[in-house]
Amino acid sequence: MNAPVLTAILLIAPLGGFAQNGQDTLAPRDQLARAASSSPRDVSAQLAYAEDLERHGDAGAREAYARTLSAAQTAGDKDRAGVASLRLTELDLLAGDRDA
């Protein structure tokens, strides 16, 4: 195989979602969504997904932060409950909810 072809394969492979170990690979956002939905009490998974949604301007970010807050409160994780609560308030204010 010559160098240009090998280079093209190496550049395309990460974008193409080639199967590994006989399984389809998932995009990072899909992986985060799957982790958050399969582990609703996992505060780290909930927060990572909420942050990713917000980073990409997804309207579901607010709901994801609400799930993060719930998971953090259930786990007694005051630090991440505070982070989620603050982000919920900020998102509400950005959306024009002045009562937040």
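Q: What is the mean pLDDT of the protein chain?
A: This is a predicted model. The mean pLDDT of the protein chain is 81, and 74% of its residues reach 70 or more.

Q: Which elements of the protein chain have the lowest and the highest mean pLDDT?
A: Where pLDDT is low, the predicted coordinates should not be read in detail. Here the lowest mean, 41, belongs to helix 1 (residues 3-16), and the highest, 97, to helix 4 (residues 61-75). Over residues 1-19, pLDDT stays under 50, and the model has seven contacts beyond four places in sequence for this stretch.

Q: How many helices and strands does the secondary structure of the protein chain come to?
A: There are five helices and zero strands. Of the 100 residues in the protein chain, 23% are buried.

Q: At what angle do the axes of helix 2 and helix 3 cross?
A: Two packed helices are described by the angle between their axes and the distance between the axes. In this case, the axes of helix 2 (residues 28-38) and helix 3 (residues 43-55) cross at roughly 140° and come within 8 Å. Helix 2 is therefore oblique to helix 3. Their crossing is left-handed.

Q: Which residues of helix 2 and helix 3 make the contact?
A: Helix 2 contributes Arg-29, Leu-32, Ala-33, Ala-35 and Ala-36, while helix 3 contributes Ala-45, Gln-46, Ala-48, Tyr-49, Asp-52 and Leu-53. The residues of this contact between helix 2 and helix 3 divide into eight nonpolar, one polar and two charged.

How values were computed:
Residues numbered from 1 in each chain as written. Predicted model: local features only at pLDDT ≥ 70, side-chain atom pairs only at ≥ 80, totals over all residues. Heavy atoms only, no water. Axes fitted to C-alpha atoms, helices over the stretch in contact; angles between N-to-C directions. Helix = DSSP H or I, 4+ residues; strand = E, 2+ residues; numbered from the N terminus. Parallel < 35°, antiparallel > 145°, perpendicular 65-115°, else oblique. Left-handed = near helix turned anticlockwise from the far one by under 90°. Contact = heavy atoms within 4.5 Å. Nonpolar A, V, L, I, M, F, W, Y, C, P; charged D, E, K, R; others polar. pLDDT = per-residue confidence, 0-100. Buried < 20%, exposed > 50% of the residue type's maximum accessible area, 1.4 Å probe, protein only.
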